[in-house]
Protein chains: 2
Amino acid sequence: MADWNPALYRRFEDERTRPADELLARVPLTSATHVVDLGCGPGNSTELLVRRFPQAQVTGIDTSAAMLASARERLPGTAFEQGDIATWVPTVAPDLIYANAALQWVAWHETLVPRLFSLLAPGGVLAIQMPDNRQEPSHRLMRAVAGEAPWREPIGDADAVRTELATIGGYYDMLAREAAQVDVWHTVYQHVMPTAGSIVDWLRSTGLRPFLDPLNEELRASFLAEYERRIAEVYPERSDGNRLLAFPRMFIVAQRRPS
Amino acid sequence: MADWNPALYRRFEDERTRPADELLARVPLTSATHVVDLGCGPGNSTELLVRRFPQAQVTGIDTSAAMLASARERLPGTAFEQGDIATWVPTVAPDLIYANAALQWVAWHETLVPRLFSLLAPGGVLAIQMPDNRQEPSHRLMRAVAGEAPWREPIGDADAVRTELATIGGYYDMLAREAAQVDVWHTVYQHVMPTAGSIVDWLRSTGLRPFLDPLNEELRASFLAEYERRIAEVYPERSDGNRLLAFPRMFIVAQRRPS
């Protein structure tokens, strides 16, 4: 994929920061020395971690140079490093590994999630939030339009970029035997969007990226027009003229036993 | 129905207080003068309100004398009044009407919810949380067992006690035109339960009550045994021997425009 667009991603920052905040609220630590923000993006989640654990050494990790530059601008005093979550190994065992809206881009959760958990210090916490929206109309429509001419050939199997999540019970099973406690839940947000076009804008900065990247300008425009037409149908206007974008997210918080 | 059992209800107090806490966290008020806890139960939610708004006059309302007695014991300095939400009218327009796990027992939400909203002071907030679990296996199994002999006749239409919720978009529609902002969402908790029997215990203090109340001791015992047998089948043991009870709850937070 092309690099991320921090400005477009930040346009819905309040809505994107809320799950990060709610994930952090469930982390059962009163203090921490080493904290890692895996897939830190433009640093909005890192900022929450710095505020919650002002004494800790917080490190943000991301694959995107553009996102890291944006994060360094936001938090000049914090360490940001380019790295790939799939192979990342910390130099010091962290008290908190925090991965907000990141692991859905990384494959092999059955090995990845237990591996991340095993990297924690005793008593440490692994906190994960991932969008779980592949079965939502927004995402079914992406795949439907991408399966039609003239977009089908250039787009190919765009959907394969994103990892198929395990069930929520599956994540519990991966962690529960080794953990002191595992807390898993879903929240389905209903984002208030003024128009069908704003729903498309939201998705353009994340879920639509693998679909749009392979298209030339003309095909991209026609794809977005057709997609928006169908979005307008399945996300109807509410009583005040807005539309509600249902957005399910999965949360996992697991704590290691003290040594 | 018979009166509530505060001790049984409180047995899972941490799990029951979490949604109350998360509802309150989304109330966009920095201060309040008059706060009402509709359906306050044993006062666990009222305690959260008192802590959040220490300057406010907080009043708890409930139909149950047993619950009110339990609440008064917990919070001797707080006003608790017996009252029916369906017809309740405040003497002073509240800044916050907070109804945690209460309105699912009250009918006619299309008139009730806008009515409660209209009772608020300008800038005031209506905050509602309701279990939305009627389509969960736990509740489908209740109805299934209650439809069979020998329980069918004494139980009758126990399910009618509880109100059929509107859709989440439906609640948004009821409030959005009159409100400064409406925030609606679901959270599906996954409660970690040691045994199938503990899942049944959880439900005995709330959802099962209308099913159990009409039964004599013998029929109640046989109903619970059959119900637990089926619960054990659909809520399987996880990797650590526990079972996960999925519990969806709907949240609504609507703020009136300033005057």
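**Salt bridges and symmetry in a predicted model**

The count comes to 24 salt bridges over all chains of this predicted model.

Student: How far apart are the closest N and O atoms of Asp201(A) and Arg204(A)?

Tutor: Both residues lie in helix α9 of chain A, and because they are 3 residues apart, about one helical turn separates them. Arg204(A) is partly exposed, at a relative accessible area of 31%. The two residues form a salt bridge, and their closest N and O atoms are apart by 3.1 Å.

Student: Is Arg243(A) buried or exposed?

Tutor: Arg243(A) forms a salt bridge with Glu237(A), with 3.8 Å between the closest N and O atoms. Glu237(A) has 52% relative accessibility, so this residue counts as exposed. Buried means under 20% relative accessible area. Arg243(A) has a value of 12%, so this residue is buried.

Student: What kind of axis relates chain B to chain A?

Tutor: Chain B can be laid on chain A with an RMSD of 0.0 Å by a turn of 180° and a shift of 0.0 Å along the axis. Therefore the relation is that of a two-fold axis.

Student: Which residue of chain B has the C-alpha nearest the axis?

Tutor: The same surface serves both copies, as 100% of the contact residues of chain B recur in chain A. In chain B, the C-alpha nearest the axis is 2.1 Å from it and belongs to Thr187(B).

Conventions. Residues are numbered from 1 along each chain as its sequence is written. Chains are lettered from A and ligands numbered from 1 in the order in which they are written. This is a predicted model: local features need pLDDT of at least 70, side-chain atom pairs count only at pLDDT 80 or more; totals for chains, interfaces and linings use all residues. Side-chain values use heavy atoms; hydrogens and water are left out. Copies are superposed by least squares on the C-alpha atoms of residues with pLDDT of at least 70 in both. Contact means heavy atoms within 4.5 Å. A salt bridge is a side-chain nitrogen of Lys or Arg within 4 Å of a carboxyl oxygen of Asp or Glu. Helices (H or I, at least four residues) and strands (E, at least two) are DSSP runs, numbered from the N terminus. Buried means under 20% relative accessible area, exposed over 50%, partly exposed in between (1.4 Å probe, protein chains only).
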